[in-house]
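Below is a short note on the structure shown here. Please read the points in order.

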Amino acid sequence: MLWSGLAAAGAALWLSVLALPWQPWRVRERLEPESGHDAAGIGLEDVTVLIPARDETDVIGDTLAALGSQGRGLRVVLVDDRSDDDTAEVARRAAPEVLTLDVHAGAPLAEGWTGKLWALEQGRRRIETPLTLLLDADITLRPGMIRALLAKKEESGAALVSVMAALRMQGGWEKLLLPAFIFFFRLLYPFHLANKPGRRVAAAAGGCVLVETPVLAQIGGFDAIRGALIDDCALARAVKDAGHRTWIGVSRGAESHRAYPILEVVWRMVARTAYTQLRYSPALLLLCTVLMALMFWAPLIGLGGPLAAQVAGGVGLVAMAVCYLPTIRYYRLSAAWALTMPLIGTLYLAMTWHSALRDWGGRRSEWKGRVYGRQPEGDRAA
């Protein structure tokens, strides 16, 4: 009876995900550049690309080269965030002549700021165009992508438009875990709800964000979210709280070239903000653990039980795969990866616990050689 109940609970949770009216498991919110369209003649004088860069010599050249194919008149402000390598020099050499590139040497990290947001704030002060494109240093844009972002902004009436870049999915660990990273993000922040004018859900994908420059000033710049680890969603929340709309989707027209060749690298990336997603709450961590155990383990366990448990377990596993399959197909991976969800869920739960244990030990987050300690309770709750 116990096995049947657990398996049935797991199946019910996955069937509930499928039945949600906003359908977070589907990949509906997409933004792709027009194929075969010549973007070279498009005027982009109203846009400045703002790139925070810290130790990015391996990728910054490709990022700038791709920007050169977006159109004419594009300006780029690159903030070299105290790099230990030759990021600034490589950027200067790699920038196409069609770009107006301003490389700014970042100041030492100010107290209370995360590194990326401090770099972005320094760059924001140098921008004079009405639109700002926040772009991570590892992301290349296919020709026409900025034009597509501008068109979506016009169509949606949003002050902020962002796309979740396609992550590199070449190695085994990348194919196993990175599509799931995007899948779980869409479950936590349903794009359909985030794109509505209401303020209940706010989400953005920080790797590629087009935002109105005056709106950034209206919310107080990045100072308004200076300690945020999940800075993209914090920015979307600030923009929505100021009375503006936002839009978020996925895209293959923006591609990240950051490599995650081994489990340890993926683990660090996920654990950096996993407990932050749970608002540093032990109660939410416990609830998350119970839910993930039911969703990812109970259907498998049910297969070894009596007939009723086997049926419930089978239904749960099928519903689990059906939920994940659209994400796998969108990134053009084999459908067989959808069968690995129990393993994926187990690894993500372990990463979440690692994130919590590190926070309880006083190390809130670590990234690019910087360690962020615990904040006062008032700041953490915010």
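At what angle do the axes of helix 12 and helix 14 cross?

1. This is a predicted model, in which local features need pLDDT of at least 70, side-chain atom pairs count only at pLDDT 80 or more, and totals for chains, interfaces and linings use all residues. Residues are numbered from 1 along each chain as its sequence is written, and side-chain values use heavy atoms, with hydrogens and water left out.

2. The axes of helix 12 (residues 282-302) and helix 14 (residues 341-360) cross at roughly 160 degrees and come within 9 Å. Axes are lines fitted to C-alpha atoms, for helices over the stretch in contact, and angles run from 0 to 180 degrees between N-to-C directions. Helices here are DSSP runs (H or I, at least four residues), as are strands (E, at least two), numbered from the N terminus.

3. The contact of helix 12 with helix 14 involves 12 nonpolar residues, four polar and no charged. Ala, Val, Leu, Ile, Met, Phe, Trp, Tyr, Cys and Pro count as nonpolar, Asp, Glu, Lys and Arg as charged, and the others, Gly among them, as polar.

4. After helix 14 comes G362, with a positive phi near 95 degrees.

5. Eight strands form an open sheet with mixed pairing, in the order 3-2-1-4-7-6-8-5. Pairing requires at least two DSSP bridges between two strands. Strand 3 (100-105) and strand 5 (139-141) are at the edges with a single partner strand each, so one side of each has no neighbour in the sheet.

6. Strand 6 (residues 160-166) and strand 8 (residues 246-256) run parallel, joined by six bridges. S162 has I248 in strand 8 as its bridge partner.
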